[in-house]
Amino acid sequence: MTIGPLVAAGPGAAVADVAQLMLVHDIGCVPVCDEEGRLLGIVTDRDLATRVLGERLSYDIPVSAVMTPQVHTCRENDDVRAVEDIMCREQIRRMPVVDDCDCLCGFISLADLARHAGNDLTESEMAHVVEGVSRSK
């Protein structure tokens, strides 16, 4: 499934197919969306390693069985500092951006924040975000 230029999976997609999407598109996470594009959850390469490989589950199980359903999101017009705070507090490297109907619009990443460091964030604030996201839980 693609949503505009975004790659996504439906909740019934096999984890093997989701892993293939990650490989083909060189991405580390795949959003799980319903048919209308509403975000239902997210699956990361780490989820596949720990929840599928680590628990020796079948590669044919639906991605909904291993996705993270409670996903922190932001809106397109959210203040960059508020997004930075959530990413730091929750240790999120990639945050989905949704519209008012909870449909996926895109992602904001640490790299995106770094590119805006000169505009909206100071270098010190960006260093704080990277440190917060990277700390051990």
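Axes here are lines fitted to C-alpha atoms, for helices over the stretch in contact, and angles run from 0 to 180 degrees between N-to-C directions. This is a predicted model: local features need pLDDT of at least 70, side-chain atom pairs count only at pLDDT 80 or more, and totals for chains, interfaces and linings use all residues. Residues are numbered from 1 along each chain as its sequence is written, and side-chain values use heavy atoms, with hydrogens and water left out.

**Overall layout**

- The protein chain holds five helices and seven strands. Helices (H or I, at least four residues) and strands (E, at least two) are DSSP runs, numbered from the N terminus.
- Along the sequence the pattern reads β-β-α-β-β-α-β-α-β-β-α-α.
- Of the 137 residues in the protein chain, 40% are buried. Buried means under 20% relative accessible area, exposed over 50%, and partly exposed in between (1.4 Å probe, protein chains only).
- Among contacts with a separation of 6 or more, 49% come from residues 24 or more positions apart. Contact means heavy atoms within 4.5 Å.

**Helix H1 against helix H2**

- The axes of H1 (residues 15–25) and H2 (residues 45–53) come within 10 Å and cross at roughly 145°.
- H1 supplies Val 15, Ala 19 and Met 22 to the contact, and H2 supplies Asp 45, Leu 48 and Val 52.
- Five of these contact residues are nonpolar, none is polar and one is charged. Ala, Val, Leu, Ile, Met, Phe, Trp, Tyr, Cys and Pro count as nonpolar, Asp, Glu, Lys and Arg as charged, and the others, Gly among them, as polar.

**The two sides of H1**

- Val 15, Val 18 and Met 22 of H1 are buried. They lie on the same side of H1 because they cover an arc of only 60° around the axis. The arc is that of the directions from the helix axis to the C-beta atoms.
- Cover for the buried residues of H1 includes strand E3 (29–33), strand E4 (39–44) and H2.
- Leu 23 and Val 24 are exposed, on the face of H1 turned away from its buried side.
- Asp 26 follows H1 and has a positive phi, near 55°.

**Strands E3 and E4**

- E3 and E4 run antiparallel and are joined by five bridges. Two strands pair if DSSP finds at least two bridges between them.
- Val 32 stands opposite Gly 41 in E4.
- The hairpin of E3 and E4 has five residues between the strands, and Gly 37 there takes a positive phi near 90°.
- E4 is mostly covered, with five of its six residues buried.

- Three strands form an open sheet in the order E5-E6-E7, with mixed pairing. Strand E5 (74–75) and strand E7 (104–109) stand at the edges with a single partner strand each, so one side of each has no neighbour in the sheet.
- Strand E6 (residues 94–98) runs antiparallel to E7, and five bridges join them. Val 97 stands opposite Gly 106 in E7.
- E6 and E7 form a hairpin with five residues between them, and Asp 102 in the turn has a positive phi of about 65°.
- Helix H3 (residues 80–90) lies across E5, E6 and E7, running at about 135° to E6.
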